[in-house]
Amino acid sequence: MISGSLLTGGLAACSKSPDVQALVSEAGEYHRKGDNKAAVIQLKNALQQSPEDMHARLLLGTVYLDTNDPQSAEKELRKAIELGMARDKALPPLARSLIMQGKFEAVLAEAGDAPDDLAAALARGNAFLGLGKGDEAKQAFELARKLSPDHPDVLIGLARHATLSRDTQLASRYADEATARNPANADAWQFKADLLRAQNKAEEALAAYEEVLKIKPNAAPALVSRAGIEIGMGKYDAARANLEAARKAGSATIIGIYTQALLEYREGKHAAALEQLQRILRSAPDHMPSQLLAGSAQYALGATQQAEVHLKTYLDSHPKDINARKLYAAVLLKNGEAKRAQTVASEALKDAPQDPQLLAIAGESSWQSNDLRAASDYFKKASAIAPQDAMIRASLGKAKLGQGDSDAAIAEFEKAYALDKKDQTGTALVLSYVQQKRFDKALELVNGMEKEQPKNARLRLLKGAVHLARNDTANARKSFEEVLAIEPLNYPAAASLANLDVKEGKPDSAKKRLESLLEKDPKNPEVLQALGALAAQQKQNEEATRWFERAHAENPDAMQAAGQLFMQYVRNGQKQKALSLAQKLQSANPQSPEALEMLGNAHFANGNREASLEAYEKLAVLKPDAAGVHYHVGILQLGAQKQAQAAAAFKKALALHPDYIEAHLGLASIDVMAGRHEPALGTARNLQKQHPKSPAGHLLEGEVLMAQKKPALAAGAFERAFAAGKNGQTAQKLHAALVLAGKEKEADSHINEWLKAHPNDSASHAYLALHYLSTGQNKQAIRQYETIVKGDPKNVRALNNLAWAYQQEKDSRALKLAENAYGIDPRNPAVMDTLGGILVENGEVQRGLELLEKAVAGAPDAPDIRLRYAEALVKAGDKEKARSELKTLVDSGKDFPKLKDARALLAQL
């Protein structure tokens with residue numbers, strides 16, 4: 001770094017007025033003391049009186065350098081040169097300003113190559129260092145040393161070159177020489193202190209920074225660096241005082257803000273730390289230490305999706321950072337990405353095979369991926385390396401429990417608890433006893449823990465959970481009430497009591513309990529969301545929406561509260577509100593994966609698939625390693641008939657997650673669309689081999705065989721799928737295949753057997769009703785629709801189709817039911833069509849015609865609706881308009897079941 005030592009002398013000129021001369025002199029004094037704010041004020045006052053003063057410009061440029069404003073510094077220094085400032089005085093600070101901006105070639109152009117110019121040689125040396133040209137840098141500094149062997153900038157330059165050459169001994173020797181020969185030079189001490197800090201010599205570095213501050217009491221770099229060391233030593237008050245002093249000195253550097261964020265983070269003030277880091281990342285997104293710390297802060301705040309984005313950005317630049325990789329794997333685990341976490345951990349273990357934490361993370365990711373043997377192996381290795389680590393022991397117990405070895409699991413939990421009688425290990429042991437139904441043992445342990453910590457609310461909460469597990473609701477209630485006596489705002493206890501109230505048929509008591517908690521903590525998002533969920537459970541949708549809206553309004557930055565409100569809007573069919581909320585969230589949080597996902601889903605719900613795809617493609621950039629996101633992009637591409645792009649997206653998902661069944665199915669569906677049936681069948685059979693317990697491979701085989709028009713064979717595949725995983729959708733597919741195979745009785749028997757066992761499966765009732773309706777079996781269709789409407793009186797589709805079926809059977813209830821459907825959804829073309837048709841048939845031709853005309857306008861490509869409208873026009877005597885509608889229909893070229901009827905009617909007219 002080029003110091004200010006070449007700037008001394010000549011700051012006052014004979015041409016100055018006494019006032020200007022005094023102002024510049026005062027500014028110089030302020031600058032020497034490190035009070036840069038005051039120096040800038042005095043210099044600007046001087047330049048107001050004398051804007052052509054080159055000495056004031058030179059000093060102002062130098063002060064701007066010390067306040068980390070190289071752009072303003074360059075402007076002032078170039079102005080000083082224009083006004084006649086001597087080159088040997090202006091070049092050092094100008095070169096420094098350019099180097100701070102990364103303009104190394106510009107420095108070389110300014111410096112030239114004069115062999116006897118000290119300032120030029122120093123400028124070239126520092127520029128070559130910036131360009132990574134070590135040999136040229138050394139030559140320049142060696143030349144400078146011949147010209148001035150004791151100059152601090154020469155020795156600092158040689159030390160920096162040695163540092164970049166990884167010769168720390170030589171660098172230290174030059175640094176010692178620089179301070180020994182220039183004991184009053186702050187830059188020499190600053191460099192030495194920074195070098196000592198990099199070598200983890202904290203005490204010696206602090207002493208060197210103290211020397212800087214003796215020379216320049218308000219030197220911000222020294223204050224900030226000293227604060228950084230003090231944070232590492234846990235001296236938070238001292239660090240805060242140094243950072244405050246740096247702030248008062250007018251320093252707002254990235255490193256200063258970062259160090260403040262680090263202090264906040266270490267003190268557990270994660271939200272405050274994140275606020276500081278966001279200041280940095282808005283203007284300097286490539287500041288990798290801030291990306292790493294932001295990831296840590298987001299993880300601590302539970303915002304693991306955002307944490308993943310920050311950590312991925314950091315690791316793209318620092319792929320070998322073991323600690324960052326460990327944290328990234330832990331974040332992926334929290335985000336439900338166990339397979340990816342397993343990959344990250346196993347790759348990191350190649351570089352750090354004896355790291356017990358990394359082994360534990362690899363074990364946890366294997367456990368979550370259901371690879372219990374691998375999990376057990378990892379935990380065993382970790383436990384062997386760190387036998388006194390209670391949490392690793394507990395994790396090994398969990399793996400044993402997953403493998404069904406309950407006794408070994410209990411033994412490990414007991415060892416963990418013996419090593420460290422913390423709540424966490426004790427809780428693991430209690431829960432393992434509960435899993436084995438050894439409730440007395442669990443209560444004995446939790447009672448013992450409670451005696452040692454009588455005011456620990458978490459232990460009473462745990463005891464309540466044990467009582468619940470043994471169906472002792474009275475004692476469970478007692479334990480949860482005791483929790484609230486200790487911690488009146490304990491939400492888990494209040495929620496547990498509210499759940500007991502609901503189970504006992506007392507929803508009003510549950511509501512009162514939660515509202516009582518809300519009175520003490522009006523903004524609590526968990527309570528507000530619980531009240532919303534309770535209202536939704538009672539089918540009080542308007543009240544539920546109000547609670548969710550309040551939760552979001554009171555906690556606008558809480559993504560979970562926003563997500564709950566978004567889902568409520570979606571459930572209510574309030575698509576535009578859902579979209580507005582998602583747009584607001586994404587605008588306020590452009591790097592939030594949750595907000596982007598909501599935006600994509602909202603656009604999809606509103607029918608804007610192009611915008612939905614755009615949102616998901618942005619999400620794929622934010623989360624390039626998320627297989628599920630690439631799969632969703634593929635589905636949207638497929639919907640847009642972009643098969644090639646969809647296939648690429650599915651392949652990306654499979655590259656990240658080779659066992660991603662849905663992505664395999666997506667690729668197979670593209671093969672089927674293209675008529676490539678054999679590759680699709682190959683995929684189906686591979687899935688059957690790789691996942692013998694999954695119905696997916698059999699379902700795919702059935703779909704391919706249906707596409708090949710082999711319904712009898714398809715029915716066999718669907719039967720195998722149904723046996724592997726019984727559900728209504730597979731029952732429907734089996735019914736359709738059996739019908740096409742000519743086995744309608746068998747088909748009906750099978751699906752009716754399913755519906756008898758699952759009477760609330762409205763989707764299967766609707767499927768079967770539509771089948772009956774389309775085959776003219778109106779009475780059977782009516783029975784199915786009546787079942788649906790009984791369970792969901794506002795189901796518009798069921799009401800509409802039931803009204804139509806009634807009309808076909810001359811049932812007088814048809815009109816009233818059609819009016820009900822229209823009252824619920826008056827803009828639905830299908831509803832207007834049904835009601836209009838019934839009205840025309842019942843003699844209310846004019847009103848019927850109006851509705852049918854609106855239906856055609858709302859669904860201009862629906863041939864059945866247009867035909868019904870034409871028939872009504874004929875009935876009303878408007879043959880000319882009917883002829884026009886029929887001609888439009890016939891000339892469209894669309895094939896539909898009643899095309900012959902349309903042609904016949906047109907011929908009659």
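This briefing covers the overall dimensions, selected helices, loop residues and aromatic pairs of one structure.

The structure is a predicted model, in which local features need pLDDT of at least 70 and side-chain atom pairs count only at pLDDT 80 or more, while totals for chains, interfaces and linings use all residues. Residues are numbered from 1 along each chain as its sequence is written, and side-chain values use heavy atoms, with hydrogens and water left out. The protein contains 53 helices and zero strands; helices (H or I, at least four residues) and strands (E, at least two) are DSSP runs, numbered from the N terminus.

**Overall dimensions**

- The radius of gyration of the protein is 38 Å, whereas a compact globule of 909 residues would have a value near 29 Å. The radius is taken over C-alpha atoms, and the globule rule is 2.2 Å times the number of residues to the power 0.38.
- Along the principal axes, the C-alpha atoms fill a box of roughly 110 × 80 × 60 Å.
- Of the 909 residues, 49% count as buried (under 20% relative accessible area; exposed is over 50% and partly exposed is in between, with a 1.4 Å probe and protein chains only).
- The protein exposes about 44200 Å², and carbon and sulfur atoms supply 50% of this area. Accessible areas come from the Shrake-Rupley method with a 1.4 Å probe; for residues, only the protein chains shown count as cover.
- Among contacts with a separation of 6 or more, 45% are between residues 24 or more positions apart. Contact means heavy atoms within 4.5 Å.

**Helix α19 and its surroundings**

- Helix α19 covers residues 322–334, and its 13 residues reach 19 Å from first C-alpha to last, close to the 18 Å expected at 1.5 Å a residue. The expected span is 1.5 Å times one less than the number of residues.
- Eleven of the 13 residues of α19 are buried, so the helix is largely enclosed by the rest of the structure.
- At the start of α19, a side-chain oxygen of D321 comes to within 3.1 Å of the backbone nitrogen of N323.
- Just after α19, G336 has a positive phi of about 75 degrees.

**D355, between α20 and α21**

- D355 is located in the loop between α20 and α21, and counts as buried because its relative accessible area is 15%.
- The side chains of D355 and K326 are joined by a polar contact of 3.0 Å. A polar contact is a pair of N or O atoms within 3.5 Å; within protein, one must be able to donate a hydrogen and the other to accept it, and residues adjacent in sequence count only if both atoms are side-chain atoms.
- Leaving aside residues up to four places away in sequence, D355 touches I322, K326 and L349.

- The 14 residues of α10 should span 20 Å at 1.5 Å a residue, which agrees with the 20 Å between its end C-alpha atoms.
- Buried residues in α10 are A171, S172, Y174, A175, E177, A178 and T179.
- The buried residues of α10 pack against α8 (134–147), α9 (152–164) and α11.
- N185 sits in the loop between α10 (168–181) and α11 (186–198), and counts as buried because its relative accessibility is 11%.
- A polar atom of the N185 side chain lies 3.1 Å from the backbone nitrogen of D187.

**Aromatic pairs**

- The count comes to three aromatic pairs. Rings of Phe, Tyr and Trp (its six-membered ring) pair if their centres lie within 6.5 Å; planes under 30 degrees apart count as stacked, over 60 as edge-to-face and the rest as tilted.
- The rings of Y631 and Y660 are 5.4 Å apart at their centres with planes at 35 degrees, so this pair is tilted.
- Y631 belongs to helix α37 (residues 627–639) and Y660 to the loop between α38 (643–656) and α39 (661–673), so the pair ties together parts 29 residues apart in sequence.
- Y660 counts as buried because its relative accessibility is 14%.
- F722 and W754 form an edge-to-face pair, 5.8 Å centre to centre with 80 degrees between the planes.
- This pair links F722 in helix α42 (residues 711–724) with W754 in helix α44 (residues 744–757), 32 residues apart, and both F722 and W754 are buried.
- One aromatic cluster is formed by Y631, F650 and Y660.
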